[in-house]
Each structure stands twice: as structure tokens, then as C-alpha cells.
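Student: Could we walk through this protein together, one question at a time?

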Amino acid sequence: MTYHGTSLYFDQLENEPEADLWSDIIEEMISIYGQDMMYIPRILGNYDPLLTEDASSSYETAIPLALYIKSVDGFEGDGQFLSKFGLEIRDQVTLVVSKRIWLEEVGSVTGRQVPQGGDVIYFPLNNKVFQIRYVNQKPFFYQHGKLQTFEFTCELFEYSNEVFNTGIPQI
């Protein structure tokens, strides 16, 4: 039996031109199949490290960003259910953004290298705000040795005394 392994002529980890081509293809895919949304970074006012919360967060900058909706079957999560506190809606959505576009559009404004939990996404298609709960920064596979995308899971935002002052009335 003959072993036919990976090609000796293509370096899967150190090939910069192919990694850049792969990033270009991903960006084009997001521009075709993605949605225009607004990324709104959270500004911490009085962060409590013990409780890991901030009672006086504010949201002041809305940055337009094209995001791909990975959860194609609609919203995931627990959906609507009746709890002891009444009707709760726990919709989740998984979004993908190109790392290169992220750094150009959001990173240049906020100085952040990755999306942060607690930041929010305004989804104009259904006029809802989603809060980032989890950012997958280290996927299992790096295509051509580079990370081309950030993937984050968002839940429907539950307002609790945060201040929104983005200058956009819908938000």
C-alpha cells in the first residue's frame, strides 16, 4: 500500500501569498452573503473585578461592519420560554467577521485587536441589539498558518441601565 500524503510543493503553514488569497476570498464571501451591521464597543465606567460586571457601561461609537451570519437556520439558543420571572427571549446568533477588515474598521478606532465580550451589535434587518457573549479567538484549524476570521456568539441584549449615545436614533 502506498501512502499519498500532503503535497511537498505547498507549505500549508508558511505560505503568505496563499494565506492572503484565502483572506481575500473570505472577505469577498462576507461582502456577498453578509449583512451590514453596527458594531458598538462597550466603555466601562465602574468595573467590579470581583463580580466581573459594570453597572455603568456606556455605548457611544457605532462602527459600520459587514458580518456573516453563520447560524443559517435563524436564531439559536433557548428561544422563548416562560420562567419564574415571566416570558424570556434568549435568541442567539453566531457571526463571523474577517480579521483583516476587523483590524481596519474597528481596531483602528478602538485600539482593540479582537472583539470583546460585552460589546454589542445592532442588527438593522430586525432592529434588534445583540450582545457578544463569547469570542472564538483560537479555532482548531488555521488555514495556511493564519487566522482569517473572528467568530463570536451573541445573545439578544437585555438592557440594565446602560447609556446609549451613538447619535443614531434607531440604536
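Tutor: Happy to! This is a predicted model, where local features need pLDDT of at least 70, side-chain atom pairs count only at pLDDT 80 or more, and totals for chains, interfaces and linings use all residues. Residues are numbered from 1 along each chain as its sequence is written, and side-chain values use heavy atoms, leaving out hydrogens and water.

Student: How many helices and strands does the protein have?

Tutor: We rely on DSSP runs numbered from the N terminus: helices are H or I with at least four residues, strands are E with at least two. Counted this way, the secondary structure comes to 2 helices and 12 strands.

Student: Which residue in strand 5 stands opposite Arg42?

Tutor: Strand 2 and strand 5 (residues 58–59) run antiparallel and are joined by 2 bridges. Across from Arg42 is Tyr59.

Student: Is Ser57 buried or exposed?

Tutor: Ser57 lies in the loop between strand 4 (53–54) and strand 5. Buried means under 20% relative accessible area, exposed over 50%, and partly exposed in between (1.4 Å probe, protein chains only). Because Ser57 has 1% relative accessibility, Ser57 counts as buried.

Definitions and conventions: Pairing = 2+ DSSP bridges.
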